[in-house]
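Me: I am new to this structure and would like to learn how to read it. Could you take me through a few features, giving the general idea before each case?

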Amino acid sequence: MAEPSKTEQRKAEHVNIILQENVSAEYNYWNDVRLVHTALPEIDLDDIDVSVKFFGKRLGAPLIISSMTGGFGMGKEINANLAKGAAEVGVAMGVGSQRAALEKPDLAPTYAVVKDYDVPLVFANLGAPQLVPQAGKRAYGVADAKKAVDMIDADALIIHLNFLQEVVQPEGDRRAKGCLAAIKALASRFPVMAKETGAGISRDVAQKLKAAGAKAIDVGGLGGTSFSAVEHYRARKEAATLKERLGATFWNWGSRRPPRFCWPMSDCHSSPRAAYGAASMSPEESPSAQRWRAWRSRCSKPRRSPRTRWRWNSAPSSRNSRPPCS
Ligand SMILES: Cc1cc2nc3c(=O)[nH]c(=O)nc-3n(C[C@H](O)[C@H](O)[C@H](O)COP(=O)(O)O)c2cc1C
């Protein structure tokens, strides 16, 4: 059997570390979200429909199983299980970065296994750092993206932005210049969603991505998996002391996830802070977009006052003083 490639090894290490170590950000900002109870719903439970249209596909619920794995043996089993679940409940799914299979085509089945299940919306996945030439490596372009999409019969392409992880990673790719132009080139050929992998996407970056043609953004902010933590453990194993310390330093770095979750590209120009749920990401869904706007206008007023702004930006201990927004 052929030797595992470096990428293949890294994919296995990521899963093993996540299974064995605590890689969570220190604070889960979802705990700050409180929905106000509606004692008078004025809607019949059976009439509630949480299905949404996203990237032209109907989903049973506004949920995406975010890109995670593939590219090593156990990745096939994990992707099969995720795809089975996604098909059963009718939600979207992304596979992990397909770089491993582009480098070593034998690994394609670890991703392509998702084709065995009836997942309503499937995302291919490539990393933004790999779209520009890195030391000793060529840049991926349209032909590579097409291979990734065809490999799994994807409906759309996710491009992940993980520069923090790359910087902490012992063997990480360090060049970021030219990524936006590369994303623009791919977005002109494929429906593209941009995502972060745990450190969040700020408003100005969202606007740049929108201008480059991204159809949606998964903000992927701080509050769950910390890839600085994951790479910290890998660096420790490799006795890469500086990187190990870097991982610890940036463990809790990033824009917190809620309220920066997801928002429709049509609203990127106004207040990207105030959107909840993948349903709001779809500009096609006017009722949810309306609810979203109503929510935003209710929440934007208190945040304008300096006192409330301080509350929203303050340490977790003051969370109970926040005004409820729902
Ligand atoms: C084991 C593992 C591998 C991942 N690999 C990828 C990847 O290849 N591509 C990608 O876009 N995101 C990848 N992610 C990031 C997730 O999709 C997600 O953005 C990130 O974990 C933050 O979400 P969470 O806090 O809910 O875990 C990976 C996550 C995990 C846990």
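Reply: Helices (H or I, at least four residues) and strands (E, at least two) are DSSP runs, numbered from the N terminus. By that reading, the protein has twelve helices and eight strands. Residues are numbered from 1 along each chain as its sequence is written. The model is a predicted one, in which local features need pLDDT of at least 70 and side-chain atom pairs count only at pLDDT 80 or more, while totals for chains, interfaces and linings use all residues.

Me: Which residues of helix H8 are buried?

Reply: A residue is buried if 20 or more other C-beta atoms lie within 10 Å of its own, exposed if 12 or fewer, and partly exposed in between, with C-beta atoms placed from the backbone. In H8, which spans residues 203–211, the buried ones are Ala206, Leu209 and Lys210. Seen down the axis of H8, these buried residues fall within an arc of 100° (taken from the directions from the helix axis to the C-beta atoms), so they line one face of the helix.

Me: Why can residues that are three or four places apart point the same way?

Reply: An α-helix has 3.6 residues a turn, so residues with that spacing point the same way.

Me: What does the face of H8 turned away from its buried side carry?

Reply: That face carries the exposed residues Asp204 and Ala211, and just after H8, Gly213 takes a positive phi of about 110°.

Me: How much of the protein is made up of buried residues?

Reply: Of the 326 residues in the protein, 44% are buried.
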